[in-house]
Amino acid sequence: MKRTLIITGIVVIAAIAILIVIGKLTKKKEVANLYVQAQKGQFQIVVSTTGELQAEKSTDIIGPDFTMSRNIRAMDIKITDLVPEGTEVKKGDYVATLDRTSFDNSLKDENDKLITAENNVEVKMLDTAVTLSELRDNIKNLRYSVEEAAITVQESKYEPPTTIRQAEISLDKAKRNLDQSIKTYGLKTQQARTDMRTLKKTLSDQRQRVNDFAAILERFLIKAPADGMVIYKRDRMNAKRKVGSSISPWDNVVATLPDMSVMISKTYVNEIDVSKVKSGQKVEIVVDAFPEKSYTGEVVSVANIGEQLPNADAKVFEVQIQVDGSDPILRPSMTTGNKIITKTIKDVTYIPLECVQTGTDSIPFVYTRNGNKQIVLLGESNENNVIVEQGVKPGESLYLSTPAKPSGFRTSGQDLIALNRQRAKEKQAEEVRVREEAAKAAANRQQMPMGGPMNPEMMGRFSNMRGGTMPTGQAGGVRDTARMRRFMQMRNGQQGIQQGAGKDTSARRNRNIQGTTQQGDRQQGPDSKR
């Protein structure tokens, strides 16, 4: 019994000793984790985003093209069958089938209309033939009547005048009936030709409509236009088209065949960070499916207009990143992690963001391991670190968080307070300047006429219409009254000269008229006396 108790006691003591050792080691590790050293080297400002791989170039697998025929009413068509996404196909292989129920019924109706149009043409041809044949017979009979009336006139020349006159009247009536029948025949012929052209045009249009329906229905069985891997097309709501989805006449792409040689990562950048992203910036790319591999790329385009994605509050801008080189393991729709390097600063001192503290006066400071509360002057920052321009040297140990007794630390670096305040004022002044410029630009846009800014010629016309004058080159604002007064005086002077010249001209004209009148009176004087 005693032996068991002794063994148990030894085990308990050994366990306690092990726990104490482990606790000390853990405490040392935790203490070590409370500090960090300031680093010096290359500092990168990055914008991290999540994207999706896509092929830069791809071949669309399209459905029926309704723009080829204006005779067919466009409508949405449902996909009834589609090969699985990722299927490798050759040119001409089957890809999808579209629902043709509605178009089959329409084609049947159009065939019935075609048969009706053909029957109408045949009936019209027979009716026309009968009608024109009757008219030709009537003309022939009327010609005989004219001949008989002419013979009657010849035989009645020895008859009384009344009989001769009756015969002549009968001949005139027969000739008029013949002429009228010939004209009627010509009009009926033209009418028949017009009706036949109309019916044949209707028949031709109906045949074309039937052919268009047949051609459209042939494309309801969709085949691959080239070799490649089938990737489902995304619609405007970013949802993949699959069995049960519909394609519209204006967006009839069912799927795509991407070119895997050049891949891009399509991503979206928040409106706060989009001003930092420019075309040509380098990007570090990691594919979630292969975390052990890393790639590089370059920003090739940044959208000028933002958009709001579903289930998102902030506006984002589309950014396309081209992946350097090619890798056969990369596939479309793979998720990527992108680090866009917007700026690289060499040979600077930087520390983690967690080290920086601020007081009520917004002056930044850090706690050093040697017991100082060091005020610092900060520079640019990224997601994890911030540049320290003054206050911290490379290799200096800093607290990652607020120490247990911060009141016991000595404050140092008071000379940096003025620099921080000066920089804060400059930043605030720059923000005010930017806001004022934006407000001024908005006010100018509101005051600007509908057609844009008025050129000097337009301003002159506008001023003349209002009865005033605006000096050339002055586009609004306060008028130069002295210059305008001189301009008005000069214009009035010119008008006075013109009026004086006009009066002289009128006087000379009156004198000339009077002289001419007197001369005429002198010339007419002897005549008038006579």
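**Fold and nonpolar cores of the predicted model**

Of the 530 residues of the chain, 28% count as buried (under 20% relative accessible area with a 1.4 Å probe, protein chains only). The model is predicted, with local features requiring pLDDT of at least 70 and side-chain atom pairs pLDDT 80 or more, whereas totals for chains, interfaces and linings use all residues. Residues are numbered from 1 along each chain as its sequence is written, and side-chain values use heavy atoms, without hydrogens and water.

The accessible surface is about 35900 Å², and carbon and sulfur atoms hold 52% of this area (Shrake-Rupley method, 1.4 Å probe). Among contacts with a separation of 6 or more, 75% link residues 24 or more positions apart (contact: heavy atoms within 4.5 Å).

The chain contains 6 helices and 23 strands (DSSP runs of H or I with at least four residues, and of E with at least two, numbered from the N terminus). An open antiparallel sheet is formed by 4 strands in the order β7-β6-β4-β10 (pairing requires at least two DSSP bridges). β7 (221-223) and β10 (246-247) are the edge strands; each has a single partner, so one side of each lacks a neighbour in the sheet. Antiparallel strands β4 (residues 77-82) and β6 (residues 94-98) are joined by 3 bridges, and L82 has A96 in β6 as its bridge partner.

The largest nonpolar core has 31 residues, of which I77, L82, V95, L98, F103, F220 and V254 touch the most other members (buried Ala, Val, Leu, Ile, Met, Phe, Trp, Tyr and Cys joined through side-chain atoms within 4.5 Å). Its largest share, 6 residues, comes from α3. Beyond neighbours within four places in sequence, F103 contacts F66, I72, M75, I77, F213, I216, L217 and F220. A second, separate core of 20 residues includes F290, F317, V323 and M334.

Conventions
Buried < 20%, exposed > 50% of the residue type's maximum accessible area, 1.4 Å probe, protein only.
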